[in-house]
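Please look through the sequence and the model below before reading on. The text then goes through the model part by part.

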Amino acid sequence: MRTGIATVCLSGTLKEKMQACAIAGFDGIEIFEQDLVTSPHSPEEVRSMAADLGLGLDLYQPFRDFDGVTPDLLKANLRRAEAKFKLMSRLGMDTILVCSNVATATIDDDELRASQLAELAGLAGDHGVKVAYEALAWGKYVNDYEHAYRLVEMVDHPNLGTCLDSFHILSRYWDTAPIEDINAEKIFFVQVADAPKLSMDVLSWSRHYRVFPGEGQFELAKFMGHVVRAGYTGPVSLEVFNDVFRQSDTERTAVDAMRSLIWLEEQSAKWLASTSRETAAGNGSASRRRYPMELATLPKVNEPAGFNFAEVKADDTAQLEKLLGQLGFGFEGRHRTKDVQLWTMGQARVIINEQAASHSEPAIAALGFDVDSPVIASARAQQLKAPVVARKVQADEEVFQGISAPDSTEIFLCQGSPDGTAAWTHEFGEGLEHSAAQRNAVIDHVNLAQPWQHFDEAVLFYTSALALEPQPFAEVPSPSGLVRSQVMETSNGAVRLVLNLAPAQQAQETARKTYQEHIAFAVDDLVATARSARDRGLEFLQIPANYYEDLDARFDLEPGFLGTLKELNLLYDRDANGEFLHFYTATVGSVFFEMVERRGSYDGYGAPNAPVRHAVQYDSLHRV
């Protein structure tokens, strides 16, 4: 699959965008007209730069408001078009995007539109240019890709074809199956963009909320599957208008964009394979059809089986050690060659890292996941442009396959074991003797704060590299504003990762402590765990009495049980499938811990209690 990207997707100058696209590995680019107009480089210089960078110049865009106009305006439009065709010759480009008219169309007549497009195609042919006609979702008279293609067929000129744009098609909920009926030779260009499903006018939705494939909710694999079945072989190019992307680091955004196309190519291949199997089963045939566009796939990996460990890094670890001890974790000792400690409770493992900590206060630094084959999983992640994280090891020490997440959290892919143990723990020694009554626990979920400019990137990263599935996002009120919360998890809930986008006020502050992250541990008996922790002097997050009055009104709890919750600062939630009990510790640096108990088949996170936590933490922070 030939990959492309429109320069409008990125921040920076045209030169910076081109360099970033080349570094990310794109085959070609679409030049957005404004980027060229504002560039100090001549068309000839841009052409030369593209050649030096190994980039094709695939599309010049956009040419707006051409069709459905009066004769006088048509004459002016043809003059404008010829100027662009001459410019494209200097750039060495042969395809231009022409959008259906939005602003100046006054005549709703397909015969007239076809005749005017025929004049444009004839003029384009004189200059060796192909015109890709696109139906904008908000076009005045033409807003349907099938309508646009009918006009192309009416004109029947070799220099006029159509452009299929996933946003314009999927935002209007048009059926994508008829794409397969389009003559492949008349599909001159394909653009893709994802988006969250929002209830708003399509123009605003398009101009501000498009994202890269895998970061939204559109069925892009299905869209691309129909395009491939149509026989299209040209570029598949990203056209994304997004306020955040155009303020973010150019190279990093380009890499994120390339990752999205790699992921889309794999997902499209899977969609084609699955629908081919269904068709073959229905026909009693096992044959598989090959298409002109070949889609590459990645090393296949299963979703993680669970968390292997969580790591917190700090300059001064005394508070962390005290907190873990109060929760009931046992100290397993220090690593034999590294300045790290291991603390465990059952199968929940926490590493405290004292090695040249980059944070003056404790912060989550790394997560380990159990996978079937760390080497294959790492190879997949690297093909998806994930930066490699290396750790020095001595002889007979476990070699971790590491990659870096968008928020710089280090992700380690570990060899899982059927009994949930980890072979590398033998590298630690001289710990404290465990109490025979030490409780069993596992890491239930981890909550990570995401920088505003990398939130969508993080969703795609964990989806593509770790096979986690994004759940519907939620917005939780806090004293500083709404916190967007995106749950990523495995199908069986063995791995739950919560990505939180902090309110703008908090994100702009220099200290990360204003929005904390946490690790949650699941135990069998939370009440007993809380009592033991209280006896060890644990400082709980203090829950206001008003919460318990509201809890009683909502659930009519047994008075003794309600009294226990209040006594121990426990929070409670219930749904049709079960119950959820949890409590939080005070925050150390930017980290706090949560202990949870899931009863029955409760699968949530106590979402109704999140505003309480945010308010109490905010009050505690600002009291200090």
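Predicted model: local features only at pLDDT ≥ 70, side-chain atom pairs only at ≥ 80, totals over all residues.

The protein has a mean pLDDT of 92, and 94% of its residues reach 70 or more. Residues 506-514 are a stretch where the pLDDT is below 50. In the model, this stretch has 17 contacts beyond near neighbours in sequence.

Next comes the sheet. Nine strands form an open sheet with mixed pairing. Their order is β14-β15-β16-β13-β9-β12-β11-β10-β17. Strands of a sheet pair through backbone hydrogen bonds, and the pairing can be parallel or antiparallel. Why is one side of β14 and of β17 left without a neighbour in the sheet? Both β14 (388-389) and β17 stand at the edges and have a single partner strand each, so one side of each has no neighbour in the sheet.

The end of the order that holds β11, β10 and β17 can be followed in more detail. Strand β10 covers residues 330-335 and strand β11 covers residues 340-345; the two run antiparallel and are joined by four bridges. Phe-331 has Trp-343 in β11 as its bridge partner. β10 also pairs with β17 (residues 428-430), again in the antiparallel sense, over three bridges. Here Arg-334 stands opposite Gly-429 in β17. In a regular strand, side chains alternate between the two faces of the sheet.

Now turn to a charged residue. Lys-186 lies in the loop between α7 (166-170) and β7 (187-192). Is Lys-186 buried or exposed? Lys-186 is buried, yet it has no salt bridge. The nearest side chain of opposite charge belongs to Asp-156, 5.0 Å away, whereas a salt bridge requires the nitrogen and the carboxyl oxygen to be within 4 Å. What lies 2.9 Å from a polar atom of the Lys-186 side chain? It is the backbone oxygen of Leu-160. Leu-160 is also among the residues in contact with Lys-186 once neighbours within four places in sequence are left aside.

The last stop is Ala-51, which is found in helix α3 (residues 43-53). Ala-51 has a relative accessible area of 57%, and a residue counts as exposed over 50%, so Ala-51 is exposed. The C-alpha atom of Ala-51 is separated by 53 Å from that of Leu-342, and the two residues are 291 residues apart along the chain.

Methods: Residues numbered from 1 in each chain as written. Heavy atoms only, no water. pLDDT = per-residue confidence, 0-100. Contact = heavy atoms within 4.5 Å. Buried < 20%, exposed > 50% of the residue type's maximum accessible area, 1.4 Å probe, protein only. Lys, Arg positive; Asp, Glu negative; His and termini not counted. Polar contact = N/O pair within 3.5 Å; in protein donor to acceptor, adjacent residues only side chain to side chain. Pairing = 2+ DSSP bridges.
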